[in-house]
Amino acid sequence: MDFYNSIAKYYDLIFPYKPIQKQFVEQHAPSAAKLLDIGCGTGDLAIALQQAKHSVTAIDLDTEMIHKATQKLSDVNFLVENMLTIDKKFEKASFDTIFCFGNTLVHLADRNEIKAALGVQKQLLKPNGSLLMQVINYDRIFSKKLDGLSCIETNEIRFER
């Protein structure tokens, strides 16, 4: 995760908080839900959900991302954890809703790791809980023979991928 460590100080400029993500989570989570944010980055979504009266635990594999998140002074439980082993940290059926947004899931090495991560997440969900995922459609990228993802550009930063 050296890449994310290298962009940590610019992360909020490159990937600013999007209120629509909070709205999406709240549409699928009960009131005052216990939430798990997998791949939280610098924590803005987790903080917004905590401020909306949810109980939020947020994990990221990158130490610098979690450091930046904890500097934002919130009640979110930020942890450096691996999505493949988070079941060792929490009891089964601990969360009402688990979400994994951004490009987090695709950092796993292969289908076996993805299957393992989803199995861990299933164990951590309460009965009738919701698992919310977002992934980039790489099939589209490959079929159109695109050589990269779109550039992110603001007044403060230009991020080419």
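Predicted model: local features only at pLDDT ≥ 70, side-chain atom pairs only at ≥ 80, totals over all residues.
Residues are numbered from 1 along each chain as its sequence is written, and side-chain values use heavy atoms, with hydrogens and water left out.

**Stop 1: the helix pair**

Select residues 19-28 and 44-51, which are helices H3 and H4. Helices (H or I, at least four residues) and strands (E, at least two) are DSSP runs, numbered from the N terminus. The two axes come within 10 Å and cross at roughly 55 degrees; axes are lines fitted to C-alpha atoms, for helices over the stretch in contact, and angles run from 0 to 180 degrees between N-to-C directions. H3 and H4 are therefore oblique to each other (under 35 degrees is roughly parallel, over 145 roughly antiparallel, 65 to 115 roughly perpendicular, the rest oblique).

Now show the side chains of Gln21, Lys22, Val25 and Glu26 on H3, with Leu45, Ala48 and Leu49 on H4: these make the contact (heavy atoms within 4.5 Å).

**Stop 2: the cores**

Next, pick Val25, Leu35, Leu49, Val76, Phe78 and Phe99, which touch the most other members of the 18-residue largest nonpolar core. Such a core is a set of buried Ala, Val, Leu, Ile, Met, Phe, Trp, Tyr and Cys residues joined through side-chain atoms within 4.5 Å. Buried means under 20% relative accessible area, exposed over 50%, and partly exposed in between (1.4 Å probe, protein chains only). H4 gives the largest share of this core, four residues. Apart from it lies another core, of 16 residues, including Leu36, Ile38, Leu105 and Leu125.

**Stop 3: Leu124**

Move to Leu124 in helix H6 (residues 111-124). Leu124 is buried, at 1% relative accessible area. Beyond its neighbours within four places in sequence, the contacts of Leu124 include Leu36, Ile86, Phe90, Phe95 and Ile98.

**Stop 4: two alanines**

Finish with Ala32, in the loop between H3 and strand E1 (34-38). Its phi is positive, about 50 degrees, although Ala32 is not a glycine. Most residues other than glycine have a negative phi. Ala32 counts as exposed at 58% relative accessibility.

Ala93 sits in the loop between strand E3 (77-80) and strand E4 (95-100). Ala93 also has a positive phi, of about 55 degrees, and at 33% relative accessibility Ala93 counts as partly exposed.
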